[in-house]
Amino acid sequence: MSTLNTIVQEVVESFMKDEELFTALDVSNKVKLSQPFARHGEVRDAVRELFTSVLQPASWARSPIKVTLADGSQQTALLYHPLSASWDLDDKYDDQKRS
């Protein structure tokens, strides 16, 4: 059986392969398809740990973006993205999620 960290890494690498911008919540939602009891906080921490070992060496960056929660309030999330997509991240991420 795969560990949570292994599954998180597989999901992150899948996003990277497709050059899809993502947040830890996006990873968490994918992980929960196979691990429904996975906690978002654990997934988020695993994604953050992969930043220096997997994402940065592959020319990926992370940038803070504003996200709107279901109750209408806003929070800041880290958006992981290829360095080549560094401009206009909010619009790129919004457009990607709509398609």
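The model is predicted, so local features need pLDDT of at least 70 and side-chain atom pairs count only at pLDDT 80 or more, whereas totals for chains, interfaces and linings use all residues. Residues are numbered from 1 along each chain as its sequence is written, and side-chain values use heavy atoms, with hydrogens and water left out.

**Exercise 1. The chain as a whole**

Determine which secondary structure elements the chain contains and in what order they run.

Solution. Begin with the rule: helices are DSSP runs of H or I of at least four residues, strands are runs of E of at least two, and both are numbered from the N terminus. Under this rule the chain has four helices and two strands. Read from the N terminus, their order is α-α-α-β-β-α.

Next, consider burial, where buried means under 20% relative accessible area, exposed means over 50%, and partly exposed lies in between (1.4 Å probe, protein chains only). Of the 99 residues of the chain, 34% are buried. Finally, take contacts, defined by heavy atoms within 4.5 Å. Among those between residues at least 6 apart in sequence, 49% join residues at least 24 apart.

**Exercise 2. Helices α1 and α3**

Describe how helix α1 packs on helix α3, and state which residues make the contact.

Solution. Axes are lines fitted to C-alpha atoms, for helices over the stretch in contact, and angles run from 0 to 180 degrees between N-to-C directions. Helix α1 covers residues 4-17 and helix α3 residues 40-55; their axes are 10 Å apart, at an angle of about 60°. The pair is therefore oblique, given that angles under 35 degrees count as roughly parallel, over 145 as roughly antiparallel, 65 to 115 as roughly perpendicular and the rest as oblique.

The crossing is right-handed; that is, the near helix is turned clockwise from the far one by less than a right angle, anticlockwise being left-handed. On α1, the contact residues are L4, N5, V8, Q9, V12, E13 and M16, and on α3 they are E42, V43, A46, V47, L50, V54 and L55. They divide into 10 nonpolar, two polar and two charged, where Ala, Val, Leu, Ile, Met, Phe, Trp, Tyr, Cys and Pro count as nonpolar, Asp, Glu, Lys and Arg as charged, and the others, Gly among them, as polar.

E13 and L55 are 42 residues apart in sequence, and their C-alpha atoms are 8.7 Å apart in space.

**Exercise 3. Helices α2 and α3**

Solution. Helix α2 contributes A24, L25, V27, S28, V31 and K32, while α3 contributes H40, V43, R44 and V47. The set comprises six nonpolar, two polar and two charged residues.

**Exercise 4. Salt bridges**

Find how many salt bridges there are.

Solution. The criterion is a side-chain nitrogen of Lys or Arg within 4 Å of a carboxyl oxygen of Asp or Glu. The count is two. One joins D18 to K17, with the closest N and O atoms 3.4 Å apart; D18 is partly exposed at 45%, whereas K17 is exposed at 68%. Another joins D45 to R44, at 3.2 Å from N to O. Here D45 is partly exposed at 37%, and R44 is partly exposed at 29%.
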